[in-house]
Amino acid sequence: MTEAPAPALETVEVTCVFQVSQGLLRGSKPLRAVNGVSLKIPRGQVVGLVGESGCGKSTMANILLGLQRPSSGDVLYAGNSAAGFSRREIARRIQPIFQDPYSSLNPTKTIESIVSQPLRIHSVGAPSEWSARVGEMLDVVGLPRRVASSYPSQLSGGQRQRVAIARALIMRPEVVICDEPTSALDVSVQSQILNLLQDLKEEFGLTYLLISHNLAVVQHMADRVAVMYLGRIVEEADSDTLFNDPRHPYTRALLGSVLTPDPRLGVPDTHLGAVFPNPIDPPPGCTFHPRCPDCMTICRSEPPQPAVDGGHNTECHLYGGAVTPRTATQ
Amino acid sequence: MTDTGAARSLVFRQRQTAEEILEPSPWSKLRRRILGNHSFLIGAIILAAIFAVAILAPLLAPHDPYDQDLTKRLTNPFWHEKKIDPEHVFGTDKVGRDYLSRLIYGSQISLLIGFSTMLISGVIGTVLGVTAGYFGGRVDMVVNFVINTRLAMPVFLVAMAAVVAFGASLTVVILVLGLFLWDRFAVVMRSITMQARDLDYVKAARAMGCSTPYIIVREIFPNVLSSLTVVATVEMANAILLEAALSFLGFGVQAPTPSWGLMLNEGREYMFFSPWLLALPGVCLFMLVLAINLFGDGLRDVTLERER
């Protein structure tokens, strides 16, 4: 246990600050999209990242893909700092699958050209083999080989998402960042894509970071789940633990907000009355306190420290013992 | 066993035929779209005809367009005569030059001006617009300033000033128009590139490790091409009209070069007695500009359908 292999992907206190212009003469203010996130994605596992819109999920994805340089902190690929890798080396290890298959495929290219593009960019193998490898990849993702000569506009949403998966996997990456892989698809197609992702994980030994706001999807797929709120991970635990024993009030509210198919039950009351705070001007203390049903006096002034209980990390005064002022928040 | 095998092969065969029905070849689809698009067809036919005339001018023209014959000044075209004069079908101008030959050679000037201006301004505008749209921020601010500066300058007055400064010639007209008509290219390319830049396929290309020039040229450019063709045709028509206007005012192509705009100017004095001197080059200009615009609109429709 002590000699555990390095996780496939790890972030250490990653912070990403954007300068948001306030107008011509008022200068700009910092927006902390990601504020000191440490997340481990162990090899061969599925880590779910949940949170509402604007909490920094997609910025995290961009940082992990190497598209966005973190303001501070480090990303470790298999234990090695991102600084030691070029863009293309990162690209070989990590590939994304995007939310909207209607915008993630270039409409002017054929499917064959789209799927073989990573091979061309990284000049893998001889150009004569590319077509065969595209064919194999289409088989793997369950598309008929004849779509190779089609354009994306001739395919359905589910088929397009399969093409996007084929493109992501043709270089055999270690980690795949799935940014809401099913939320743009029909419900009937969603399960097909999720099952395909699970099959491919077994077949290629993949590691997934599954970014989603759909808790059912995360529960179905993930081994471990991290809940993000305003740029911080407020709770992180094994999937079973988190769904059976949610601790942070925000996690409980999220789980309570899942809609049931029974229309008589109405919309669940999450007690999250206040609107999502402006991330340019986050509340003092615990950033969640204006919406928290269990808010205490300390929450208004002191940011909570992460409390570790086995594999269950919670960042909340309800569970934190000693209170030490956090220096990182400024 | 054999039953299921036969059934399966039947299903397989049905699927085969279904595929054949579903997938016509891309060329046949393109041909069908072209034939179904009347404005594209009409524009293309007129444009091709004017092109052919311009290229084959030495063969088609019955006379040298510069040959004067002062004994045959201002002869009437065939519709004014009882019997057709085979020498000068469209009559002659005020110094006895064959009008048909001058019209034929005039198409060369118009097309030359149209194409070279479109190329120069297209390259300038596309480079500026795509750069500004893709990089945004400071680059965008600078390019926007340049665009606004250019928009603040009246093309016509600057063109006249340049002609006064450098002397009137075909080269000066082409350069001035080419260096001034790029604003629409830049504005359109900028906004379209901005839209394309934020799409996920660009992000996917970046995540794949593509370089920025590769992304701009191979990912974004093909998607802005259809809009580029529309702007290019509009600007080409615009340049042709501007050349005609400049020549009409005497600031463009100089006599005795056969330019349609110049011919309008020369015919102006005889407007009431020989109206065809104005009408014929006017009709030529009208047909050319109309054909270019029809062609551009149709081209966009024909190419866009593949993408959407």
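Biologist: What is the mean pLDDT of chain B?

Modeller: Keep in mind that this is a predicted model. For the model as a whole, the scores are ipTM 0.84 and pTM 0.80. In chain B, 90% of the residues reach a pLDDT of 70 or more, and the mean is 85.

Biologist: How many helices and how many strands are there in chain B?

Modeller: Run along chain B from the N terminus and the elements go α-α-α-α-α-α-α-α-α-α-α-α-α. So what you have, going by DSSP runs, is 13 helices and zero strands.

Biologist: Of the contacts in chain B between residues at least 6 apart in sequence, what percentage join residues at least 24 apart?

Modeller: Some background on chain B: buried residues make up 40% of its 308 residues. As for contacts between residues at least 6 apart in sequence, the share that joins residues at least 24 apart is 71%.

Biologist: Which element gives the most to the side of chain B that touches chain A?

Modeller: The contact takes 22 residues from chain A and 17 residues from chain B. On the chain B side, at least two residues each come from α10 (200-207), α11 (212-249) and α13 (276-307). By class, that side has eight charged, seven nonpolar and two polar residues. The element that gives the most, with six residues, is α10(B).

Biologist: Over to chain A. How far apart are the end C-alpha atoms of helix α4, residues 127-140?

Modeller: Helix α4 of chain A has 14 residues, and at 1.5 Å a residue it should span 20 Å. The model agrees with that, because the end C-alpha atoms are apart by 20 Å.

Biologist: What arc do the buried residues of α4(A) cover around the axis?

Modeller: The buried ones are V134(A), M137(A) and L138(A). An α-helix has 3.6 residues a turn, so residues three or four places apart point the same way.

Biologist: Last one: which residue just after α4(A) takes a positive phi?

Modeller: Look just past the end of the helix, where phi comes out at about 80°. The residue with that positive phi is G142(A).

How values were computed:
Residues are numbered from 1 along each chain as its sequence is written. Chains are lettered from A and ligands numbered from 1 in the order in which they are written. This is a predicted model: local features need pLDDT of at least 70, side-chain atom pairs count only at pLDDT 80 or more; totals for chains, interfaces and linings use all residues. Two residues are in contact if their C-beta atoms, placed from the backbone, lie within 7 Å. Helices (H or I, at least four residues) and strands (E, at least two) are DSSP runs, numbered from the N terminus. Ala, Val, Leu, Ile, Met, Phe, Trp, Tyr, Cys and Pro count as nonpolar, Asp, Glu, Lys and Arg as charged, and the others, Gly among them, as polar. A residue is buried if 20 or more other C-beta atoms lie within 10 Å of its own, exposed if 12 or fewer, and partly exposed in between; C-beta atoms are placed from the backbone. The expected span of a helix is 1.5 Å times one less than its number of residues. pLDDT is the predictor's confidence in each residue, from 0 to 100.
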